[in-house]
Amino acid sequence: MSEEDLLLWALRVRIRTFSERGDSALLLDSRGVAETIRLLELARLQFGDVPLNVAYIVASFHWCRHKAMPGGSRDDFEEAFEWFGAIARTEVALVPSELRGMIGQRWADEGRALFDRARSTGDLESLDTAVDALREAVHLLPSGHPDLPGYLSNLGGALGYRFDMRGRAQDVEEAITVGRQAVAAASAAHPRRAGYLQNLAVALHLRFEWHGRLSDLDTAIALGREALMVVPADSHWRPTIQGNLGMSLRSRFQQTGRMDELDEAIGLVRAAADSADPEARVGCLSGVAMTLQLRFEVSGQLDDLDEAIATSREVLAAIPPDHPDRISECSNLASALGKKFDRVGDISFIDEAISLCREVVTATPADDPNRIDLLSNLCISLRARFDRSDDLTEIDEAIALAREAVAAMPAGHTRRAGIFTSLGVCLRARSERTTDPGDASEAIAWARAAVDAAGADHAIRPNLLCNLSVALRHRFNLLRELSDLDQAIAAGRQSVEACRPGVIDRTRYISVLATGLKIRYEWQRQTADIDEATSLDREALAALPEGHSEQAIYLGNLSLALRAKFEGEQKWADLDEAITTARASVAAALLDHPVRAAMLSNLVAVLVARFEASARLSSRLVDIAEAVRAGRAAVAAMRPGHPWRVNVLVNLGIALRARSVWMGNSSDLADAVAGWQEAAVLRGGPSMERLTAAQQWAEVCASQQNWPEAADGYGVAVDLLPLVAWRGTTRATREQSLAGRGGLAAQAAAASIAADQHDRAIELLERGRSVLWSQSLETRSDLWRLQKVASGLAAKLAWIREQLDRSVDPARLN
């Protein structure tokens, strides 16, 4: 028999003698302690660690020895406690029942301490260890143990926090499971029941933010209300319960649009901040800022936004620079500053927002799971500034950041739909500026991925479908492929149908659907489309709070619908309302916002429409004078080189030409031609509008028998034909794009002959006829087949071709 076996036998005899006979002599013999020390030395030499059977003998020896001594032995108790604690991690049944509660209490205390450290430092390793300790404490206690509800609730809180930090779905599911167990195990009169209800409510709210199931949020609110009813008025839990219930009501308002719940939420978070202790007050104030920011989005009241910004600044001032909560609070302040920028147009607000976002991204390690959201926030702020600055380096950086966030995102990440959306929106924004169909197609792909990632019943699905609709409509504007427009309308309709009435974003979904219907009406002239679009625009505008930052856009949309409706039905009331609404949209637009130029240009179009249709001399002169003033203001407001400048110049030219014909003012006609010349050769502008500008330029010069200038204009128009009818679209789309252009090549040739440019006449005639004949003869092309199997690659090829075709010979302008 080995020495180890002899020692095990000897110790078992000492233990058995005491436990079976009550004889403590052998147990209290000092040689027994020496035997345990030697046994542990041998075990470590042989195994490198202490096997379970050895640990159990040593633990049992010290436990029995403690019990055998009068008054107990502190040293033996500590030894037994440590060894049984180690055993409990694998074999709970071997642990004496008297010790289980004490061991569980120690683990629970250690877990809570580690959890507190993780929340104050952001140390994820401490958080993982805390969860393990709390989980082991729960497993150690039998059902019915008085400490079990508290252990379960603490474990649920730690799991919920880890889910928020890491985004692991299994954590929030387990948090809800143990949270329900805690509530079920606590009696109605349990003094800590309010805390257990509160922790379960938080876990359900977290799952709502992940899955978007309103039932989770409803249950969280019901639990929060119950907790508030049972918690004593002077309990330290009460401010936390008030604040969390307020934030849950805030979230439900976003789904239902019930203002009474938003007002109640603000009252609750304010009450929480007023009664919380100094440390907890910071978190409550954060809730106040976020809820006020949301009410501003609905009401448009700057007082709410200003208070939200001031409160966020107070929160940041109270948080140490290295505290992990500083990251989220910087993001909250950046969000509020971005909204202030959107409302008042002061670039300093978005500059500060970007600076805050950069600060938190720089301070966050590359492997921190929160970095994904922080990159997305910086991306959103950069895109907002790009909308005003038109600096392509900013949108390029935003796209690079969004790609970094996507690449860093683990499979199954809970917020992947939002990250996909950020990348898609930035790609679309760049494509709107550069007219790159490759970006447009990739934006659609990411928008579809976001819809798929969210699932059929997620609360953000309507928003994702709306983004998909906008992306599809943008590609239609580039490529004139009617299937894109039909899909855009279908996605827009799904977003409206999936959104409950009263939800604050529903107005945007309605407006997006209306815009798609208006565009399809312009192409197909289906009365049902413009009737529905007009009705939807009215509904969206009526639901928009007075003073909303996007009121100008909504008014402009309704004006466009009414103008289109007038063109189809010739009802004066529609045109008069279109003008009134267009004027209101200009008045509502910020003076230095890019949208103001578009609103002014829209006013030009409706005024010209009434000028051309009216028979009253005095009113016609007033209308055309106002149209020219508005057109010049629109051109002045639109940065040179911007793609939208094409439309603005075309509309101003039409107004100037109309006034020139009516009043015989040659300088107006010269200004119109100059504007059309600029528009026709503006790289990046929409090809259809550029073609219209070139034709207007050529026709006016031909009417003045200025044949060299007319030949230049027609030459640019012929060069633009391949862009208008590029081969990546369907045959029907190309034919519709070329409708009415059949005589363009002949007109170009005639003007060149009149200008004594015979070689050029032959060249333009052949070039124009080749485009038209290729449409007649081509039924399927290589590019068309490529689009069927790789639409993104086909779109990129088409864009490269378009860039090459856009290179207009400057000599033609001399």
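**Ground rules and confidence**

Residues count from 1 along each chain as its sequence is written. Because the model is predicted, local features need pLDDT of at least 70 and side-chain atom pairs count only at pLDDT 80 or more, while totals for chains, interfaces and linings use all residues, and side-chain values use heavy atoms, with hydrogens and water left out.

The predictor's own confidence in each residue is pLDDT, which runs from 0 to 100. The protein averages 86 on that scale, and 92% of the residues score at least 70. Helices here are DSSP runs (H or I, at least four residues), numbered from the N terminus. Confidence is highest in helix H23 (residues 482-498), at a mean of 95, and lowest in helix H34 (residues 731-737), at 54.

Two stretches deserve a mention. Over residues 776-780 the pLDDT stays under 50, and the model has five contacts for them beyond four places in sequence; a contact means heavy atoms within 4.5 Å. Residues 804-814 also stay under 50, with 22 contacts beyond four places in sequence.

**Two helix pairs**

Axes are lines fitted to C-alpha atoms, for helices over the stretch in contact, and the angles between N-to-C directions run from 0 to 180 degrees. How do helix H16 (residues 325-344) and helix H17 (residues 347-363) cross? Their axes come within 8 Å at a crossing angle of roughly 160°, so H16 and H17 are roughly antiparallel (the label for angles over 145 degrees; under 35 is roughly parallel, 65 to 115 roughly perpendicular and the rest oblique). H16 passes H17 in a left-handed crossing, where the near helix is turned anticlockwise from the far one by less than a right angle.

Among the residues that meet are Leu-333, Leu-337 and Phe-341 in H16, and Ile-350, Leu-356 and Val-360 in H17. By class, this contact has 14 nonpolar, one polar and four charged residues. Nonpolar covers Ala, Val, Leu, Ile, Met, Phe, Trp, Tyr, Cys and Pro; charged covers Asp, Glu, Lys and Arg; the others, Gly among them, are polar.

Next come helix H20 (residues 416-434) and helix H21 (residues 437-454), whose axes come within 8 Å and cross at roughly 160°. H20 and H21 are therefore roughly antiparallel, and their crossing is left-handed. The contact includes Phe-420, Leu-423 and Leu-427 of H20 along with Trp-446, Ala-449 and Ala-453 of H21. Its class count is eleven nonpolar, three polar and five charged residues.

**Single residues**

For accessibility, buried means under 20% relative accessible area, exposed means over 50%, and partly exposed lies in between (1.4 Å probe, protein chains only).

| Residue | Relative accessible area | Class |
|---|---|---|
| Ser-469 | 2% | buried |
| Thr-435 | 5% | buried |
| Phe-420 | 13% | buried |
| Arg-525 | 43% | partly exposed |

Phe-420 sits in H20. Leaving out residues up to four places away in sequence, Phe-420 touches Val-406, Met-409, Trp-446, Ala-449, Ala-450 and Ala-453.

Most residues other than glycine have a negative phi. Thr-435, in the loop between H20 and H21, has a positive phi near 60°. Arg-525 has a positive phi of about 55° and lies in the loop between helix H24 (506-524) and helix H25 (527-543).

Note on methods. Helix = DSSP H or I, 4+ residues; strand = E, 2+ residues; numbered from the N terminus.
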